[in-house]
Amino acid sequence: MAQLFYLADLFGVAVFAITGALMAGRKSMDLFGVLVIAIITALGGGTLRDVILGNHPVSWIRDDTYILVASLAAVGTVLWVRLTRPINETGLLVADAFGLAVFTVYGTEVALQHQVPFSTAIIMGVITGVAGGVMRDVICNEIPLIFQKEIYAIACVAGSLVFIGMLHLGLPRWLDTGVAMLVVLGTRLAAIRWGLSLPRFHLLDRD
Amino acid sequence: MAQLFYLADLFGVAVFAITGALMAGRKSMDLFGVLVIAIITALGGGTLRDVILGNHPVSWIRDDTYILVASLAAVGTVLWVRLTRPINETGLLVADAFGLAVFTVYGTEVALQHQVPFSTAIIMGVITGVAGGVMRDVICNEIPLIFQKEIYAIACVAGSLVFIGMLHLGLPRWLDTGVAMLVVLGTRLAAIRWGLSLPRFHLLDRD
Amino acid sequence: MAQLFYLADLFGVAVFAITGALMAGRKSMDLFGVLVIAIITALGGGTLRDVILGNHPVSWIRDDTYILVASLAAVGTVLWVRLTRPINETGLLVADAFGLAVFTVYGTEVALQHQVPFSTAIIMGVITGVAGGVMRDVICNEIPLIFQKEIYAIACVAGSLVFIGMLHLGLPRWLDTGVAMLVVLGTRLAAIRWGLSLPRFHLLDRD
């Protein structure tokens with residue numbers, strides 16, 4: 001079970017790294033920049049969570065599989081786009097939703113191990129899921145997408161809430177994890193499919 | 001006394017959250033983005049201070065009142081602007097100066113408890129006061145206002161210096177705290193009232 | 001020897017602070033902004049490394065020489081440019097390469113003291129060398145130069161690799177340090193001299 005979750009985690013790392021590499025490509029960065037943005041996108045959220053929680057050592061510090069997977073995903077993306085041109089946008093969005101689900105539940109769980117209030121655990125789930133993408137966008141000089149497009153972080157909040165709620169039911173842990181991940185995945189896929197988005201808050205410049 | 005300071009701290013959190021929500025509104029973010037920017041603006045400075053100092057657990061990690069207050073302030077701002085349009089800019093600036101005063105003195109005090117040199121304590125006071133606003137501006141793709149407009153961070157430096165100086169006089173702590181806060185507040189209000197600003201350093205692009 | 005390295009470290013801090021002050025000048029920041037950007041550029045990389053490693057206290061927290069040197073370098077830059085106009089760009093680039101060499105080797109060494117895998121130590125060397133400059137560019141609303149211009153971070157990777165490799169040869173530590181620094185310096189100077197750069201990864205906006 002733990003093995004399975006570890007593999008899912010690495011899959012999330014790979015997917016997030018790909019989105020980072022693609023953004024770096026849109027900014028015409030050099031190959032090293034592509035690598036760095038990919039790694040930051042993939043590991044930035046978990047790192048920020050661990051640093052705020054004081055949860056040392058940060059996961060990828062001791063286990064270099066994470067960096068390796070993110071790097072391979074970045075290099076693979078460059079080769080793929082060079083050799084075969086179009087990347088399957090829909091496939092990437094679905095994979096990204098899966099990575100988001102894994103990261104969110106994992107982040108919530110790590111936070112709960114530190115005996116924090118539920119609201120903090122939810123925030124840590126969200127940070128784990130979305131902060132890497134926010135760093136990617138900020139470094140690439142874009143206003144973070146997740147604050148402007150379809151429902152994204154709300155999917156994390158929902159999954160995190162469901163996870164915490166189910167923990168109190170005394171069910172086997174894999175069931176809590178699975179259902180919470182499905183909630184994130186389902187919310188996100190529904191948002192993509194029907195273009196769901198939160199209302200925006202418009203304010204003119206000198207309001 | 002500690003109770004009073006705690007309330008003042010929460011007031012600062014609320015005010016900073018409002019400035020975050022307004023900036024997010026200027027960028028037409030969705031409601032979740034408004035919430036996130038508000039929370040980052042309100043708690044980012046203290047979090048950065050604690051992470052650099054290694055001061056775990058970070059304040060809002062254990063006490064969810066902080067997140068709650070920041071969230072309510074953000075939601076309140078959206079409702080207020082939707083329902084009644086114009087926000088009182090001057091009132092907000094004065095409230096912001098008050099929040100800045102509380103955060104600065106509190107940040108300096110936390111740093112001193114870690115037996116750091118005075119220069120570090122001053123920097124921690126400044127970080128606590130201004131880093132949240134800098135994060136807000138960077139994420140929203142703006143060059144941080146505090147480096148370009150009227151005197152702002154210098155008010156923190158002044159308050160922090162006065163606080164450290166007064167500690168050596170053996171006066172009651174509430175007096176040190178109060179006077180230092182007044183220094184921040186006074187400097188900032190004077191800067192707003194008379195448009196005081198530091199000289200700028202201009203450099204052409206290929207100088 | 002340790003004394004010499006400490007001096008070299010401070011030299012690196014000063015040089016990085018100068019590049020920060022110049023960037024702030026290009027953005028017409030006020031004097032406080034110049035100071036802040038200079039300090040962040042000079043100390044941001046080492047701070048991020050220590051925070052991720054959980055290496056407390058962060059170096060400049062206890063020894064205020066670092067902040068002092070960075071501040072003096074920033075003020076000196078403003079005065080220099082005001083009084084004598086043109087700054088020697090080539091001299092600055094060479095000095096920057098030297099600072100990069102010191103920071104990279106130092107960062108790698110600190111990481112190794114935490115018993116991390118080699119890949120992590122290399123990443124920590126790179127972070128120490130380049131993260132301050134990335135923060136400078138992000139706060140100043142620029143896409144980080146190091147991801148777009150001549151070879152820069154690769155020089156850190158090379159130096160870090162050589163340092164780790166030489167540690168296994170049982171040579172005196174000053175030799176490991178010296179050779180690794182020369183590798184960074186040499187790579188960087190060659191890149192500047194002949195305009196070497198990595199291939200870029202171009203991707204159109206809707207690819």
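**A friendly note on the chains and their contacts**

1. Let us start with one residue, B:Thr19. Beyond its neighbours within four places in sequence, B:Thr19 is in contact (heavy atoms within 4.5 Å) with B:Thr41, B:Leu92, B:Asp96 and B:Arg136. With B:Arg136 there is also a side-chain polar contact of 2.9 Å. A polar contact is a pair of N or O atoms within 3.5 Å; within protein, one must be able to donate a hydrogen and the other to accept it, and residues adjacent in sequence count only if both atoms are side-chain atoms.

2. Before you read on, please note that this is a predicted model, where local features need pLDDT of at least 70, side-chain atom pairs count only at pLDDT 80 or more, and totals for chains, interfaces and linings use all residues. Residues are numbered from 1 along each chain as its sequence is written, chains are lettered from A and ligands numbered from 1 in the order in which they are written, and side-chain values use heavy atoms, with hydrogens and water left out.

3. Where does B:Thr19 lie? Look for B:Thr19 in helix 1 of chain B, residues 2–26. Helices (H or I, at least four residues) and strands (E, at least two) are DSSP runs, numbered from the N terminus. B:Thr19 counts as buried because its relative accessible area is 13%; the cut-offs are under 20% for buried, over 50% for exposed, and partly exposed in between (1.4 Å probe, protein chains only).

4. Now try C:Ile67, which sits in helix 4 of chain C. Is C:Ile67 buried or exposed? C:Ile67 is buried, since its relative accessible area is 8%. Not counting residues up to four places away in sequence, C:Ile67 touches C:Ile39, C:Leu43 and C:Trp60, as well as B:Ile123 from another chain.

5. The largest nonpolar core has 212 residues, and A:Trp60, B:Trp60 and C:Trp60 have the most contacts inside it. Such a core is a set of buried Ala, Val, Leu, Ile, Met, Phe, Trp, Tyr and Cys residues joined through side-chain atoms within 4.5 Å. Leaving aside neighbours within four places in sequence, A:Trp60 is in contact with residues of chains A and C, including A:Leu43, A:Tyr66, C:Ile52 and C:Met124.

6. Next comes the contact of chain C with chain B, which takes 34 residues from chain C and 35 residues from chain B. The buried area is about 3000 Å², with 64% from carbon and sulfur atoms; buried area is the accessible area (1.4 Å probe) that two parts lose on being put together, summed over both. There are 4 residue pairs in polar contact (both at pLDDT 80 or more). On the side of chain C that touches chain B, helix 2 of chain C gives the most, with 8 residues.

7. Chain A meets chain B with 35 residues from chain A and 34 residues from chain B. These two chains bury about 3000 Å² between them, 64% of it on carbon and sulfur atoms. Which three residues supply more than any others of the area that chain A buries against chain B? They are A:Phe147, A:Phe201 and A:Leu203, with 28%. How many salt bridges are counted between chain A and chain B? The count is 0, where a salt bridge is a side-chain nitrogen of Lys or Arg within 4 Å of a carboxyl oxygen of Asp or Glu.
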